Amino acid sequence: MSENGVYIAKDCQITGEIKSATSVTIDGQVEGSIVIKGDLVVGENGKVKSDIEAQNVFIKGEVHGKIIARNLLEISPNGSVFGDITSKFLKIDQGAKFIGSSTHSDEIPAESSEPPQDTESGGPKLSFKPIIYNRLAK
């Protein structure tokens, strides 16, 4: 994750729509939809029940839902994906779980809309501004 990304901590639970122009790391629980222009990392503690669209998707935790990775989708040895995936490149490490179907695509269009402004239409919507969070700093 880049230094200017969004971090959802282990004890956080989010229900709704997440749209971000930057990378996102999820160590908590998310239910809804996720559309980001950057990369998505689902950490080892992350549990996601969402349809996902991102540039690159790295799964170390658990994901239930459809995933569209415009470039690379990688499932780590402890990662689990339950749903259909579409990506340009796919890497599934030994020990990873994947139940669903996989589609290769060289041409996956980028999300064209900007993160949403506040609207009065129904349903919760979340939009994030970049924050600086360095987990490695001592």
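Is K91 buried, partly exposed or exposed? K91 is partly exposed, because its relative accessible area is 41%, and partly exposed is the range between buried (under 20% relative accessible area) and exposed (over 50%), with a 1.4 Å probe and protein chains only. The model is predicted: local features need pLDDT of at least 70, side-chain atom pairs count only at pLDDT 80 or more, and totals for chains, interfaces and linings use all residues. Residues are numbered from 1 along each chain as its sequence is written, and side-chain values use heavy atoms, leaving out hydrogens and water.

Start with the whole chain. The protein chain has zero helices and 14 strands. Here helices (H or I, at least four residues) and strands (E, at least two) are DSSP runs, numbered from the N terminus. Along the sequence, the pattern reads β-β-β-β-β-β-β-β-β-β-β-β-β-β. The chain has 138 residues, and 40% of them are buried. It exposes about 8,000 Å², of which carbon and sulfur atoms supply 48%. Accessible areas come from the Shrake-Rupley method with a 1.4 Å probe; for residues, only the protein chains shown count as cover. A contact means heavy atoms within 4.5 Å. Among contacts with a separation of 6 or more, 18% join residues 24 or more positions apart.

Now go inside. In soluble globular proteins, nonpolar side chains tend to be buried together. A nonpolar core is a set of buried Ala, Val, Leu, Ile, Met, Phe, Trp, Tyr and Cys residues joined through side-chain atoms within 4.5 Å. The largest one here has 24 residues, and L40, V57 and I67 touch the most other members. Several strands supply at least two residues each, among them β2 (13-20), β4 (29-36) and β6. Strand β9 gives the most, with four residues. Take I67 as an example. Leaving aside neighbours within four places in sequence, I67 contacts I52, V57, I59, L73, V81, D84, I85 and T86.

Next, the charged pairs. How many salt bridges does the structure hold? There are three, each defined as a side-chain nitrogen of Lys or Arg within 4 Å of a carboxyl oxygen of Asp or Glu. One joins R70 and E53, at 3.2 Å from N to O. This pair links distant parts of the chain: R70 lies in strand β9 (residues 67-75) and E53 in strand β6 (residues 47-54), 17 residues apart. Both R70 and E53 are buried. Another joins E17 and K19, with the closest N and O atoms 3.9 Å apart. E17 and K19 are both buried.

The remaining bridge returns to K91. D93 pairs with K91, and their closest N and O atoms are 3.8 Å apart. D93 counts as buried because its relative accessible area is 19%. K91 sits in strand β11 (residues 85-92). Beyond four places in sequence, K91 contacts L72, L73, E74 and I75. K91 and L73 are 18 residues apart in sequence, yet their C-alpha atoms are 6.3 Å apart.

Finish at S50, in strand β6. S50 is buried, because its relative accessibility is 2%. Its side chain reaches the backbone oxygen of G32 at 3.1 Å. Not counting residues up to four places away in sequence, S50 touches V30, E31, G32, S33, I34, H64, G65 and K66.

Conventions: A polar contact is a pair of N or O atoms within 3.5 Å; within protein, one must be able to donate a hydrogen and the other to accept it, and residues adjacent in sequence count only if both atoms are side-chain atoms.
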